[in-house]
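Open the model in your viewer and keep the selection panel at hand. The stops below say what to pick and what is there.

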Amino acid sequence: MSAAPEVIAAAPRAGGCALQRGVLGIVLFVLAWEGIARGFHLPSYTLPAVSDILASIYAKRSILFTAAGFTLTEAVVGYVIGALIGVTLAVVITLVPPTRAVLLPAATAINSVPVVAYSPLILLWFGIGMPSKFVMVALAVSFTVFLSTLAGFDRVDRRSVDLLRSFGAGRLAILWRLRLPTALPLMAAGLRVSTVRAIIVAIVTEMLGAYGGLGWVIYQAVLQIDFVQVWGAIFVASAASLAFFGLVGFAERRIIFWK
Amino acid sequence: MTIGHSGLARLAAAPDAASASSAPAGPYLLEMKGLSKRFGSVTAVSGFDASIAPGEFVTVVGPSGCGKSTLFNIVAGLEEPDAGSILRFEGKGCHAHELLGKVSFMPQRDLLLPWRTVIDNAVIAMEIEGRSRKASRAEARDMLPEFGLAGFGDQYPHQLSGGMRQRVALMRTFMFKRELMLLDEPFGALDALTRTMMQRWLLDVWRQHKRTILFITHDVDEALFLGDRVIVMSARPGRVKLELKVDLPRPRSAELVTSPEFIRLKRIVLEAIEEEAMKSFLASGAAAPQTDAMPEVQP
């Protein structure tokens, strides 16, 4: 019994510790990287020093930030479209149960292949500009969001549905007042995972054909044998990805307060 | 013009009209005749007959698994009885699903929505009816003290005790203003002390709100303490084993349970219930050695 208060007292400290350790880990990792790259005089095509990469990012900041804006636009627009499609499909299946037998296998079949496999076709159909990236990102995001939302809708307690029915609620009222809030935690998990997928798919598709964006910058830098630039673009992409992930995670914690 | 006329006529005859509208319907609010329900090879309820008059408090007791919940699901409109069952509500024969939205139903678990405050949980039925959110919230706020929830209106369910959660669920049921209320073991999960407090409180609320209550329980004391009438159900398939009028004076106080009259009624109910409990015990434990099981249950 005496353990309980200790645990409670220790909890915030452990949280602080975790953050400190995380920062410490990153600092050590960067220092080791810098030390190895400088100490062994590694050529930039093997591993450039972190300081060189940061300097390059600063020097080429306008190119990189423009590219990051490009990629983020593609990722966010595709993400929103994909999330809407995913949620809509799950809603349709829930409101019209017979559609489940048609929609679920079809969605699974389309997604049993890595999304990137569709990119040549999508580039052919939608061109090299942004629309093809919207489609690719939406394709990747919609399936994840669809599955997690559907799982959330199905998780609802049968007795709660019966209670609302006894109040005279129809399917739509039950969806809005019960299924949607019940599904939110699972939906949010799907949405959070999808942020990183959205950026990855946007960058990969850019590498296969684009007029701009971080993937395009990486591809061009490889052609010009500028590996510091490749790393610079990777750093920026990683930061953009983390920011997107963090923003959605923050929204999730604000909205789903009861968990 | 004609509409105005009939409206006036009704107004003029108002005191009579109220009783007249239910008079041709007979004195009963709900009638069940030969109610049966099978699930595959299991017959949950078979030939259940009972009628409930407006304003009555009827309690239903029975051994576990006697089909009490099936009966409630039918009356709540959630489950359709088998062909041949007769269900009449407000004097008119009807299908079970027509009762959806006409009976206020409270299941065993409180089933409060964790993302809604006490007030918002209480008004959910009114919200579904399409009433103004502001007005129903104000009404709920006024009802809080009566349900022992004063000052807790903006709390979330996880911040409340079990007894309070149950009172929020009851408040939700009361706010869905329907003549007939179905309460399915609402106090089953509470400790004995909270339970007796809640029973007395429920009688107070019932007296003030003048509703008809059908109340399921497996506690004989509770059934007798609350009810105008106790219906004892048989072992599965559920029928009416015994119907007992409880002629104890109201308002009822805690001492009632030790009065000779209460004990006399309790003995009658217990006897009937024991016989049925034995049947369902033997039916479910058919594999167990019966000679050993019998004497253990009998005293």
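Predicted model: local features only at pLDDT ≥ 70, side-chain atom pairs only at ≥ 80, totals over all residues.

**Stop 1: a helix pair in chain A**

Residues are numbered from 1 along each chain as its sequence is written, with chains lettered from A and ligands numbered from 1 in the order in which they are written.

Select residues 61-95 and 227-255 of chain A, helix 3 and helix 10. Helices (H or I, at least four residues) and strands (E, at least two) are DSSP runs, numbered from the N terminus. The two pack at an angle of about 40°, with axes 10 Å apart. Axes are lines fitted to C-alpha atoms, for helices over the stretch in contact, and angles run from 0 to 180 degrees between N-to-C directions.

Contact here is C-beta atoms, placed from the backbone, within 7 Å. This helix contact has 10 nonpolar, two polar and no charged residues. Ala, Val, Leu, Ile, Met, Phe, Trp, Tyr, Cys and Pro count as nonpolar, Asp, Glu, Lys and Arg as charged, and the others, Gly among them, as polar.

**Stop 2: where the chains touch**

Chain A gives 14 residues to the contact and chain B gives 20. On chain A, pick helix 7 (158-166) and helix 8 (171-208), each with at least two residues on the side touching chain B. Helix 7 of chain A has the largest share, seven residues. That side of chain A divides into seven nonpolar, three polar and four charged residues.

**Stop 3: chain B**

Switch to chain B, with 11 helices and 10 strands. Of its 299 residues, 37% are buried (20 or more other C-beta atoms within 10 Å of the residue's own).

Finish on Leu182(B). Which residues does Leu182(B) touch, not counting those up to four places away in sequence? Among them are Phe72(B), Val103(B), Met106(B) and Leu214(B).

Key
Contact = placed C-beta atoms within 7 Å. Buried ≥ 20, exposed ≤ 12 C-beta atoms within 10 Å, placed from the backbone.
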